[in-house]
Amino acid sequence: MPEPLLRLESISKSFGSTPILKGISLEVQAGEFLTLLGPSGCGKTTTLRVIGGFEHPDDGRVFLAGAEVTDLPPYRRDVHTVFQNYALFPHLNVAENVAFGLVLRGMPKGAADVRVREALALVKLSGFESRRISQISGGQQQRVALARALVGRPSLLLLDEPLGALDLKLRKAMQLELKAIQRKLGLAFIYVTHDQEEALTMSDRIAVFNHGVIEQLGAPKDIYEHPRSSFVADFIGAANILDAKLTRLTDTEAVLLLENEVELRVPRPKTLDAAEGETVRVALRPERIEVLFSQASASASGLTHLPALLREAVYLGSATQIFLEPFKTGKTLVATTMDPVEKQLNGNASGQRVWLEIRPSDIRILERSAA
Ligand SMILES: Nc1ncnc2c1ncn2[C@@H]1O[C@H](COP(=O)(O)OP(=O)(O)OP(=O)(O)O)[C@@H](O)[C@H]1O
Ligand SMILES: [Mg+2]
């Protein structure tokens, strides 16, 4: 493994007596797109500020390209931060905003002009050089902030919810553009968002934050397919979370009693910190539950079929969400399907009997249940 571009070593930070970061360790490779994802207040911005040098950690160390920078001020780090509010200068025009850092560093005007033109072309703002900041849209302001970050050619860019102020359509378009720029320049990005879809779309790896710790770190697919806790399962995508007793455990298999009712054999996960006899949480993705409207079709092997009552079907345009009751406890499961189901629903759907088809290997064992 080459020396990582960034290394955080057990970073802790409290504000007053409240611990905010509780031992964050992290490595980012050159050219990597890493996303910090988590709910409001979990410490994402604080982590970025520690990396950028705007906060000093109480404990732990920050390394850039192998050299410790924990005590260096922001301007002595080869890092640029794009803040959520863009922090543009309203009295300067677009080109002057982008050139600002270069001028400060004493770059001659001719050279700076070339760099500014390149950066503006990269964010598709050629021709906007002399516009005032007040005369361009929010999306364009976002691009100016990005151009200003790129113009100094840092090897690491920190972006704090850079698309937060944009409407959904523009946001989606900018996600693809940002990713394309990052790839083209081979820059490392550390990108903060609380939008899980954005994180899945853009990242090489995602660090899922919860209350000042990283709950899970991995590639988008890994995090989505193999969440290790109900927090992660529920925060990334939708998940049905159930209780299950581990009635038997072998080297390869776990036998689960779901909701005290349904027995299922699932592959034993690689890491499992629960023992036989204990109760764990398990997750099942809504798109992994198939709803069958007649028992006759419930025949394929290797699959489990559960009778259930259909409670509600909600039409969402591209998919239908179906609420189901497979257990005596009345616990509701959600399934989503892209298939048209209107025809199979008998008018007022509630109470209709259906069968749920589940692949046991789609069940993910999470943490030990507190109950
Ligand atoms: N300078 C400060 N003084 C005191 N408390 C602070 C300070 N900065 C942040 N906090 C607190 O630290 C916690 C984490 O804040 P942080 O800004 O890192 O969260 P975040 O994950 O970025 O959240 P959001 O998604 O809402 O931006 C919050 O409870 C916040 O109120
Ligand atoms: Mg924040």
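1. A helix here is a DSSP run of H or I with at least four residues, numbered from the N terminus. With that in hand, welcome to this predicted model; here are some places to look.

2. Start with ligand 1. Around ligand 1 you will find Phe-15, Ile-20, Gly-38, Ser-40, Gly-41, Cys-42, Gly-43, Lys-44, Thr-45, Thr-46 and His-194. Helix 1 (residues 44-52) contributes the most to this shell, with three residues. By type, the shell has three nonpolar, seven polar and one charged residue.

3. Next, have a look at the backbone. Most residues other than glycine have a negative phi. Ser-10 is not a glycine, yet has a positive phi of about 45°. You can find Ser-10 in strand 1 (residues 6-15). Ser-10 counts as partly exposed because 13 C-beta neighbours lie inside 10 Å, and the partly exposed class falls between 12 or fewer (exposed) and 20 or more (buried).

4. Glu-161 sits in the loop between strand 7 (156-160) and helix 5 (168-185). With 19 C-beta neighbours inside 10 Å, Glu-161 is therefore classed as partly exposed.

5. Finally, step back to the whole chain. The domain assignment gives domain 1 (6-230), domain 2 (239-284 + 362-368) and domain 3 (286-361). Between the C-alpha centres of domain 1 and domain 2 there are 39 Å. Five residues from domain 1 and six residues from domain 2 take part in their contact. On the domain 1 side, those residues are one nonpolar, three polar and one charged.

Notes:
Residues are numbered from 1 along each chain as its sequence is written. Chains are lettered from A and ligands numbered from 1 in the order in which they are written. This is a predicted model: local features need pLDDT of at least 70, side-chain atom pairs count only at pLDDT 80 or more; totals for chains, interfaces and linings use all residues. Helices (H or I, at least four residues) and strands (E, at least two) are DSSP runs, numbered from the N terminus. A residue is near a molecule or strand if its C-beta atom, placed from the backbone, lies within 6 Å of it. Ala, Val, Leu, Ile, Met, Phe, Trp, Tyr, Cys and Pro count as nonpolar, Asp, Glu, Lys and Arg as charged, and the others, Gly among them, as polar. Domain bounds come from an automatic or database domain assignment. Two residues are in contact if their C-beta atoms, placed from the backbone, lie within 7 Å.
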